[in-house]
Each structure stands twice: as C-alpha cells, then as structure tokens.
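Here is a friendly briefing to read alongside the model. Please keep the viewer open as you go through the points.

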Amino acid sequence: ISCNKIDLEMNETIQDFVLQAELTLCGREMSRFVFLLPTKEDPLVWDFAVFVPRGIYSRALLKGQLLLPPDYPSSTLPIVHMISRFMHPHVSLDGICNLSAPCFGGYASWNVKSDKVYSLMNNICLGIFSTTIKDIATLHHGEKGVNDTLESYDTVNEKDCDDTVDENKLRQAMLEVDECMRECDFNAFTPESSDFSIRFKPWSEEMRFVVQTIKGVLSHDQ
C-alpha cells in the first residue's frame, strides 16, 4: 500500500469525524429557526431551510445549500447558496451570500479551530432577519431619497416619510419584497426532486387535530 493511499484514507477518516462532530454541534447550538441536513449524494453538500420569524421576510421559508470545500476542514471558506430568491444587499443575483459582509459574520477565511458550521448558519440567520426596506431600496436605487429612519417593512407609512424621501423608491422596494415572499410561499412545498432533499407538507386541519390531541395528553400527564 502506497503512502499516498494511506494519507488519503486518513484524511477521509478525519473529514468524516469532523463532519459528524459538526452535525452534532448543529443539533445543540444552531438557531431553532434553521433545519439543516447533509445530502445523501455528497456529505459536503448540506441542504437547509430557514424559517424567518421577524423582519421584512417574516413568515417566509427560505431554502439554501451549504457547500463545504473538498479539503474540509481547511482555511477555504464554505459557500452558502440561497435557492430561494430574495433581495439582500449581500446576496448576489445567483444566490451566493457574501460571507465577508459584517451582517453574515465578516469571514476573511475559515479558522479550523474556532469556526463552526452552526455559528456560520446562525450568522446567516441574523443577516437575513435584520434586512430592512431601507437596505432593499438602497440596493436598487442608491442612498439618495432613502429615509434612514425606516427600520422594517411594517413601519413604512406616510408618517415615517419626510420631504427628502422618494416614496416611489420605497414602494418599489416593498413590491419587490412582496414578490419574493409570494415565490417563497409557492416554492415552500415542492414535490420530490434531486435538487433539494428536505421536504415539507402544507398545514392541514388534520394536523391541527393531532397537535391538540398531543397537547391534551401532555396536560393530562402533568
């Protein structure tokens, strides 16, 4: 057996161990608003879904993929690719998150000792949750005419605007966010495919009955 083959097998064993440790840490430390799962086809490709609890994308279900480098763990940064289309100043048109942006953690490289998948995903969540209408309007229309006091979608109304604000730009940003929300809703429950391994079923009255039954049993046991 050649030394190169032994080194390769050892590296694969180390990688398998690290990936398993990362998945265990995700289960303990990752935001409860994220569901993440390695794909069967490639252990370096992880599908994830983010349930947005607040902000302009509140109640949206955003899908994405975490792409770990072939030599993971290494100093090479993972790639976070958003499958769901949504507007964000640090997400490219093809869905790639700019991990060097402060809102996503400000990564220059991957520190093997301190950086973890769960902390990366927590930073991604914070970057999504904190996006404002001002960010979207500025992204597409520039700083001029955008009111710095506008903090979220829900606060956009006439009393929030002064004479320096171009309301058309703000309303256009709101329309763009609404369109993204509709697409997310439409694509939340997709049929079986090879593109995304996590599946969700739409809410039904049958599920409501199941939840109420479980709550009744739990309250009775207490």
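Accessible areas here come from the Shrake-Rupley method with a 1.4 Å probe, and for residues only the protein chains shown count as cover. On that basis the chain exposes about 13,600 Å², with carbon and sulfur atoms supplying 55% of it. The model is predicted, so local features need pLDDT of at least 70 and side-chain atom pairs count only at pLDDT 80 or more, while totals for chains, interfaces and linings use all residues. Residues are numbered from 1 along each chain as its sequence is written, and side-chain values use heavy atoms, with hydrogens and water left out.

**Overall layout**

- The chain has five helices and four strands; these are DSSP runs numbered from the N terminus, where helices are H or I with at least four residues and strands are E with at least two.
- Read from the N terminus on, the order of elements is α-β-β-β-β-α-α-α-α.
- Of the 222 residues in the chain, 38% are buried, where buried means under 20% relative accessible area, exposed means over 50%, and partly exposed lies in between (1.4 Å probe, protein chains only).
- Take the contacts (heavy atoms within 4.5 Å) between residues at least 6 apart in sequence: 50% of them join residues at least 24 apart.

**Strands**

- Strand 2 (residues 45-51) and strand 3 run antiparallel and are joined by seven bridges; two strands pair if DSSP finds at least two bridges between them.
- Within that pairing, Phe-48 has Gly-64 in strand 3 as its bridge partner.
- Strand 3 also pairs with strand 4, again in the antiparallel sense, over four bridges.
- On that side, Leu-66 stands opposite Val-80 in strand 4.
- Strand 3 (residues 61-67) is mostly covered, with six of its seven residues buried.

- Side chains of opposite charge can pair when their charged atoms come close.
- The count comes to two salt bridges, each being a side-chain nitrogen of Lys or Arg within 4 Å of a carboxyl oxygen of Asp or Glu.
- In one of them, Glu-179 pairs with Arg-85, and the closest N and O atoms are 3.4 Å apart. This pair links distant parts of the chain: Glu-179 is in helix 4 (residues 167-187), while Arg-85 is in the loop between strand 4 (79-82) and helix 2 (117-129), 94 residues apart.
- Glu-183 also meets Arg-85 in a salt bridge, at 3.2 Å from N to O. Here too distant parts of the chain are linked, with Glu-183 in helix 4 and Arg-85 in the loop between strand 4 and helix 2, 98 residues apart.
- Together, Arg-85, Glu-179 and Glu-183 are linked in a network of salt bridges.
- How accessible is each member? Glu-179 counts as partly exposed because its relative accessibility is 37%. Arg-85 is partly exposed at 35%, and Glu-183 is partly exposed at 29%.

- Helix 2 has 13 residues and reaches 18 Å from its first C-alpha to its last, close to the 18 Å expected at 1.5 Å a residue; the expected span is 1.5 Å times one less than the number of residues.
- Its buried residues include Leu-120, Ile-124, Gly-127 and Phe-129.
- Cys-97 sits in the loop between strand 4 and helix 2 and is buried, with a relative accessible area of 6%.
- Leaving aside residues up to four places away in sequence, Cys-97 touches Val-80, Met-82, His-90, Val-91, Phe-104 and Ile-124.
- The C-alpha atoms of Cys-97 and Gly-127 are separated by 9.8 Å, with the two residues 30 apart along the chain.

**Helix 3**

- Thr-138 lies in helix 3 (residues 133-141) and counts as buried because its relative accessible area is 19%.
- A polar atom of the Thr-138 side chain lies 2.7 Å from the backbone oxygen of Lys-134.
- His-140 has its place in helix 3 as well; at 36% relative accessibility, His-140 is partly exposed.
- Not counting residues up to four places away in sequence, His-140 touches Met-87 and Glu-176.
- His-140 and Met-87 are 53 residues apart in sequence, and their C-alpha atoms are 9.7 Å apart in space.

Note on methods. A polar contact is a pair of N or O atoms within 3.5 Å; within protein, one must be able to donate a hydrogen and the other to accept it, and residues adjacent in sequence count only if both atoms are side-chain atoms.
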